[in-house]
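Thanks for coming, everyone. Let me put the model up on the screen, and then we'll walk through it.

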Amino acid sequence: MSRRIVGSALAVFVCGVLSFLTSCSSSSSKTSTTTPTPSAITPVSGTSPQSAQVGAAFGTALAATVTDSSGSPVSGASVTFTAPSSGASGTFKTSGSATETDTTNSSGVATSSTFTANMTAGAYTVTAAVSGVSTTANFNLTNTAAVVTNPVYVFYASGTEVPNASTNGSSTPLYYALAGAVAINSSGNVVSGEEDYNDGVEITELDVPITGGALTVDATTGQGTLTLQTANTLLGVSGTETLGVQFANTDHALIVQFDESATSSGSLDLQTSGTSSGSNSFLLSGVDSGYDPVGYGGVYSVSSGAITGVADVNDDGTIATGNEFTATAGSPDSLGRGAINNLTINGVTLALYYYNVGPETTRIIDMDVAGTVGAGAAAVGSTYGQGSTTFTNSSLGNSVVGLEGDPFGLSYAVAGSIITTPTSGTFTGTADDRQDSGTAQAISGTYSVSNSVASTTYNGYSSLSITNSPLANVASLGVYMTDPALNLLDPNNTSGGGGALVLDLDSVLSGGTGIVIPQTDTTSANFNGTYALGAQEYFAHGGVVFEFDYLGQGSVSSLGLSGSGLVSDPFAFFGPSPALYTDVSMTGTATPDPAEATNGRYTMPLVVDAFTASPYDNLSLTIYQANGGQLLFIENSAVGFGSFQQQGSLTGLPANRRPVKKVRQK
Amino acid sequence: MRSSVFEKLTRIVSRALVSALLVTFAVPLIAQPSDSHAYDVSKEITLSGTVSGVVTKTAPGTLLGAHLLLATVSGQVDASLGRWAFAGKDPLSVTIGQQIEVTGVMQTANGREVFIARTVKFGSHVYTLRNAHGIDISPTARELAAKRGESL
């Protein structure tokens, strides 16, 4: 007898015995190849019902057992867990979404990855379905409202995403916007949070839970980082985003994305109680569904969630002013996030979400994706209250004005000061754009506050025209007045208030936005003390325009700045390769304009010593002082726009106060 | 955003009616400003010449992005190609010595003359850099338009 025959005989014998005991089968058996057909699916005991606080993980992973018609477990079956797509719901860790498919084990049990509640409180059902079974296993879950005892900070930013095959799949830089809110405990740990992130074509992630992270800040300078951990691997680096932060005071910080996945500039502000109501102004800029630059600006009022208003639009160079609109504001969740529904402006439906900063300030983000959700794409902006003021030409007094281009529009930056004559609705002033290479330009023109549309006068809906045209293309601006008591750079700051939001209505400058700040103090001696500073810049490399961002802190004495900061440079402006620079020396001396007492203008060569022997360390600022605490600037070596904001107290900042680890990539 | 001819006509007629009513009742209105500095497509000209240089490092005071130096019968012209000409899957490809035609508008900013190029034509191929408003067309916008079958 050959060994093969003996082996086969043994196999038949063993299998015969085993099949008697366990219905054994093998590839060689022709009598037991039928795969068990799922007949029922039920929740595993202990997985339903469950509850978890909003933003927190449920204690037990969801699990369902699949059995066949005889009640025996079915292994290898695909089970799809599905949570509600809106409202109270959650996300699975592995998929980063509300849906996940898992395979049953030898006991017929499919177990999901960790399921984390989103930020909306309420009861809901997650289903588990298997092919061939008409019923589902249902998990009754409840997101309980958070008992918020930790301060919540609201952040927003926009900028340029770095091409990445595994995330955005793009070979060229993309625009992106993000907005969110995080609760941070007294040790600086992120205890909960949520965010929306949108690049308009590849990554549109709504209401992503932030499950951890840390705020680490140097107690003396207010400079550091905020990490935001999510289960969504499309965001940041493997789901963790790092923001560089520069606190001006405990309630307000400038931010840049600081993890090489993207670079952007924005702000982070302490959330205070109250929901936006009454009359407001707003700005929103980004890209439209064709991925062309777009900007919106206007005024509106809110009453019991009903919104009525008027907006100007500059969409890819097509300008439409006086678009009246209505919408409804949904209720905010526990972190102040809510939806703005049924909003269509000039025929474009927007999918806007808001984050409350306080009773007069919200951050707004457009979460469309190439027209599949709404008809827009991606954009971010703010709304600011108008208070109880009835605005007239006298409401726009002598002011500092600053504008910058949309990250996907023409790269430009303008800053200037204007002296208004309300009775005639005219102004004169001084301004710089990047193309004038540091030479001040005299400007003049007309303005009109509280204009009418279709015989309705909209409070604070205004316009300004620069008629003598010394600036490259900036001539026509929509201006939307804000509460004279509201600080637009730092909404929790009770000083430095007033001004307006600005939308560029020059067609070639589509997407350009800016602000107006009352110019109340041009005294150069008051440009003194410690400041937070930051800017968003664009530069050309190989003929293609890219972005870098920086923030810093320093002291100004006798108009000399000495400080240090962080530089996000993922497209290699300063050095030969992408880098994140920390502990970067920033020094310069401001030279007052001969007419500084009138126009508040300075020029400042700023040495940003990011990379040794870099020929690009020498930046060139033109600064306009609104008051000793708020100064706007443009940067002329590249194309940049930024601000100096005087630092206040940092006592009580809920942060881990270790200094930022000093790693200079040189 | 792109809207239909019907929508545009409706909008124009609506605005005309509103304007007529306003004139009739002499309501004093102050409109938002018109765009006085638009890229004016009606002022476009086409220049023929030889590429004498491609500038990819932007000098302070000039428009950010790529520039092309074009030797024409009238002298050398600095043509701004915008921020995206050499980016993406379908970049502009020109070489020194190449004979091309550029269509755009000559503008003066702070004493400098620059030709804002909207299209570059070499052989029978026309490469569109900017839209009719003079706004740069990004690679993503180019790809989206191609997917939707829209012309630039």
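Start at A:Ile623. Beyond its neighbours within four places in sequence, A:Ile623 is in contact with A:Phe527, A:Gly600, A:Arg601, A:Tyr602, A:Met604, A:Leu631, A:Leu632, A:Phe633 and A:Phe644. Contact here means heavy atoms within 4.5 Å.

Now the ground rules. This is a predicted model: local features need pLDDT of at least 70, side-chain atom pairs count only at pLDDT 80 or more, and totals for chains, interfaces and linings use all residues. Residues are numbered from 1 along each chain as its sequence is written, chains are lettered from A and ligands numbered from 1 in the order written, and side-chain values use heavy atoms, leaving out hydrogens and water.

Back to the core. A:Ile623 is among the residues with the most contacts inside the largest nonpolar core, which has 93 residues. A:Phe527 and A:Phe644 are on that list too. A nonpolar core is a set of buried Ala, Val, Leu, Ile, Met, Phe, Trp, Tyr and Cys residues joined through side-chain atoms within 4.5 Å. Buried means under 20% relative accessible area, exposed over 50%, partly exposed in between, with a 1.4 Å probe and protein chains only. Another core, of 28 residues, lies apart; A:Val190 and A:Leu650 are among them.

Next, aromatics. How many aromatic pairs does the structure hold over all chains? There are 26. Rings of Phe, Tyr and Trp (its six-membered ring) pair if their centres lie within 6.5 Å; planes under 30 degrees apart are stacked, over 60 edge-to-face, the rest tilted.

Take A:Tyr153 and A:Phe247. Their ring centres are 6.2 Å apart and their planes at 85 degrees, so the pair is edge-to-face. A:Tyr153 sits in strand E11 and A:Phe247 in strand E17 of chain A, so the pair ties together parts 94 residues apart in sequence. Strands (E, at least two residues) and helices (H or I, at least four) are DSSP runs, numbered from the N terminus. Both A:Tyr153 and A:Phe247 are buried.

A:Tyr291 and A:Phe408 are edge-to-face as well: 5.3 Å centre to centre, 85 degrees between planes. They lie in loops, 117 residues apart. A:Tyr291 is buried at 1% relative accessible area, A:Phe408 at 2%.

Last, confidence. pLDDT is the predictor's confidence in each residue, from 0 to 100. Chain B has a mean of 76. Over residues 1-31 of chain B, pLDDT stays under 50. The model scores ipTM 0.72 and pTM 0.80.
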